[in-house]
Amino acid sequence: ATLSVTTGSGTPVGSSTLTITGVSGSLTHTAAASLVVAVPDFSLSTSPASRTVVQGASTSYTVAITPIAGFSGPVSLTISGLPTGVTSSISPNPSTGSSTISVVADVGTAPGAYPLTVTGVSGSLTHTTAATLVVSSLAGSMTVTAPNTAVNWKVTSAQNITFSHSVGVGQAVNIDLSRDGGSSFVRIGTMTTTSATSGTFPWVVTGPPTSQARTRVMLAANATVFDVGDVNFTIVNPTVTVTAPNTAVSWRVGDTKNIT
């Protein structure tokens, strides 16, 4: 047999002991059961409890909403404790299951560990969960390794701009070109580091020609971390030169000759 129990809006919250009695003729037996009446509620948890983000980068947390006693309402989420220079977004919000909190740290955010509080509100119910954001300094260096001598690169040729660095993996690096010895630069591309110590940017050389070309590599998240090639290199147009026949020779009709 199934015993169904239904609570009303005025049922007291708490534990009760139920006695179930079974009778068959002269036989009587009992069994005890416990009934706990609870208010529908929810709890919050943050995963992971701590995240580390480099100045100028982003990270995220997952907030889980766990229903209690049949709770099914939407929960509105907010986050507090973010340091100056850090912004956040929560999606979805409100939520009935889990949400992602994305945080972005500006390059000027002061390094340090910051305690955060995530608050969830649904009607008269309010709960919080704690998290920690650790902001680390965007320290590092970059050095152009090629072209870093007085080489000649022809327009339309495929070349590699290379550099060494200590900014880590996954950092965006801007590649710039000067045609006036470093007085002004134009961006020719952006790449993401895949090595912790070096980077390579493939470039198909473009005109106009110049004898004062220089490359610059710059950390996208921090313009103070950069390097410019030490010397000018030359960008030249491709050339074609006839080498033969290039003298006053006589070629007879019907002969096979090489034009070079």
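Here is a short chat about a few side chains in this predicted model.

Residues are numbered from 1 along each chain as its sequence is written. The model is predicted, so local features need pLDDT of at least 70 and side-chain atom pairs count only at pLDDT 80 or more, while totals for chains, interfaces and linings use all residues, and side-chain values use heavy atoms, with hydrogens and water left out.

Visitor: Which residues does Ser195 touch?
Guide: Contact means heavy atoms within 4.5 Å. Leaving out residues up to four places away in sequence, the list for Ser195 is His165, Gly168 and Val169.

Visitor: How far is the backbone oxygen of Ser195 from a polar atom of the side chain of His165?
Guide: A polar contact is a pair of N or O atoms within 3.5 Å; within protein, one must be able to donate a hydrogen and the other to accept it, and residues adjacent in sequence count only if both atoms are side-chain atoms. His165 sits in strand E13 (residues 158–165), and its side chain also has a polar atom 3.3 Å from the backbone oxygen of Ser198. For the backbone oxygen of Ser195, the distance is 2.9 Å.

Visitor: Is His165 buried or exposed?
Guide: His165 touches several residues beyond four places away in sequence, among them Ser141, Met142 and Thr193. Its relative accessibility is 7%, so His165 counts as buried.

Visitor: How many salt bridges does a search of the whole structure find?
Guide: Side chains of opposite charge can pair when their charged atoms come close. To count, a side-chain nitrogen of Lys or Arg must be within 4 Å of a carboxyl oxygen of Asp or Glu. Searching the whole structure on that basis gives three.

Visitor: Which residues are linked in a network of salt bridges?
Guide: Asp176 meets Arg187 with N to O at 2.8 Å, and that pair links strand E14 (residues 172–178) with strand E15, eleven residues apart. Asp176 also bridges to Arg216, where the closest N and O atoms are 2.8 Å apart; here strand E14 is linked with strand E17 (residues 210–219), 40 residues apart. The network is Asp176, Arg187 and Arg216.

Visitor: Over the face of which residue does Arg216 lie?
Guide: A charge sits over a ring if NZ of Lys or CZ of Arg is within 6 Å of the ring centre and within 35 degrees of the ring normal. Arg216 is 4.2 Å from the ring centre, and the ring belongs to Phe185.

Visitor: Why is the pair of Phe42 and Phe71 described as tilted?
Guide: Rings of Phe, Tyr and Trp (its six-membered ring) pair if their centres lie within 6.5 Å; planes under 30 degrees apart are stacked, over 60 edge-to-face and the rest tilted. Both Phe42 and Phe71 are buried, and their ring centres are 5.1 Å apart. The pair is tilted because the planes are at 40 degrees.

Methods: Helix = DSSP H or I, 4+ residues; strand = E, 2+ residues; numbered from the N terminus. Buried < 20%, exposed > 50% of the residue type's maximum accessible area, 1.4 Å probe, protein only.
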